[in-house]
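Hello,

Here is the structure you are taking over. My notes follow below it.

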Amino acid sequence: MQQSEKVDNSLKERRDILDLLGRLKGEGISIEEMEQIGRRFQEAGKRALRPLVRELWRENSGELIAKYAYILDFFDSEHWLDQLIQIALKRQDLAADGKAALMIALEGYGVDVSSAPFSQDKSGSGTSSLGQQVQGAMQLGEEGMVTFLDDFLSHPPEVQQIVIRELYRSGDRHAPLMLQAMLWHPEREVVHAALQALGRIRDPQAAGVLQDFLAQCDRDLLSVADKALRRLRFLGVAVPPPREHLPFHAGYATPPDGDGYRSLLLSRWAGADTVSVLYMQVHERRGVLAAWGAGELTVENFLAEVEGFRLQDDLIEVAPEYLIDLIRDALHWSRDLCYLPADFYMRRGIFAGVDLSPAPLAERLTGLPAPRALSFQEGERLAQRLFEDPFFSGWYMAAQRVYDFAEDYRKGKDSEQVLERFCAELITPELELIRERLLISADLMLHCGRDVVEVAKVVGLADSMVDNPLPAYLHPFLRRFALESMEIARESLERGDELPLRAVE
């Protein structure tokens, strides 16, 4: 079996980090397992530290905070100790067990928790009412707001209504921003309540949020939003002029990987030298799975972020308009989700003035040379070239079952039989998805200016999967796909890596 000169394992590594975080949340994990997970995080370096610290900003359970703090010890403290101190000082939404876990961890790392500012009285901290929790979250700025919104999305409807009421009563200057995020909630009861709350906040910022929403909301919400804005005008609140929609700054996308996952990154001008940013992870049939973002970054900081993401993803620059179509496609496949990630709602303003209605990706593979039937040898040579192409660096399956086949392959069992069973079990049931994934990759190649003849060959390779009389393990592309997947799994087994356990997304 021929092996590509360079195999990019970064996407698999990022998923494994999420898997390890998921394992930490499991019951009955032993110290030995914690040590093993800690060493895995240590090997991954800074790219594993960021999601770990982010979980600490979000987590309320004292038990989990203690576990995360234990894993931090596998990293150099200069990269995370200040963050841990800030979490302890700023998170006023923590219950007593969470606060205690942070203090115990800090004391273990040599911090004098009896000194100011740790010893200052924070009345109500740990046993705060819902109203105090709302205010505490907003005092933490965007990070706290996203964390609180994440919790809000999982609350039952009656609690969500109470939270919205507490928001407009809080008098906090960030309340309109939190309510703005709730305007994109899929449940109309939440949207109506958020609109009514905005109509009670005597602040030009609330009026601006309502005015922006009126310009792009669904028809059935127009009267409710207009009524809330008229109420503010009647109360004497100055309504700012309509917001100017600045152009998009840049768009990036990764090709879909061998399991149908891809990353999308969009930026838009927020000022003369700043941009707002939204980063998303999506799946071809499950839609939007995760999102992160920033309200304002300098262009220099944004480019540094892009380089950081490129350590994990093969980001390819694309036109923002094309990226919007990819996002609309992801939203189309998100229709079975109860709600989208909190950061998506918080950064929804990045799409101001844009039609973001869910829609499957339109067919773009037109004007190509007419594909001809490929011989097996031609298909085999094309498949080899594709698996050495950056557009296909993530084309391997990472399911746990792949490792079972790779183990059989490694032990010297009949390779053709292993390959036949692999394809029958893992590839044949997904054949139509794999074909679509190949066409989506061809679409991206065409959009990025790749040679049309080469793109036409990829389309021909995808079309050859339809009504193919041969079993999947004899199709040159599917055969190579299976071999690449097992080769990467085999290398992982030989390194002694643990089998991947998918975290619930």
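Helices (H or I, at least four residues) are DSSP runs, numbered from the N terminus. Helix α2 is followed by Gly45, whose phi is positive, near 75°.

Some ground rules. The model is predicted: local features need pLDDT of at least 70, side-chain atom pairs count only at pLDDT 80 or more, and totals for chains, interfaces and linings use all residues. Residues are numbered from 1 along each chain as its sequence is written, and side-chain values use heavy atoms, with hydrogens and water left out.

**Helix α2**

This helix covers residues 31–44. At 1.5 Å a residue (times one less than the number of residues), its 14 residues should span 20 Å, and the end C-alpha atoms are 20 Å apart, which agrees. Its buried residues (under 20% relative accessible area, 1.4 Å probe, protein chains only) are Met34, Ile37, Gly38, Arg40, Phe41 and Ala44. They fall within an arc of 160° seen down the axis, so they line one face of the helix. The arc is taken from the directions from the helix axis to the C-beta atoms. Ile31, Glu32 and Glu43 are exposed (over 50%) on the face turned away from the buried side.

**Salt bridges**

The rule: a side-chain nitrogen of Lys or Arg within 4 Å of a carboxyl oxygen of Asp or Glu. The count is 25.

- Arg230 and Asp226 meet at 2.9 Å, N to O. They are four residues apart in helix α13, so about one helical turn separates them.
- Asp408 bridges to Lys413 at 3.5 Å and to Arg421 at 3.3 Å. Asp408 is in α18 and Arg421 in α19, 13 residues apart.
- Arg54, Asp343 and Arg347 are linked in a network.

Best wishes

Terms used
Helices (H or I, at least four residues) and strands (E, at least two) are DSSP runs, numbered from the N terminus.
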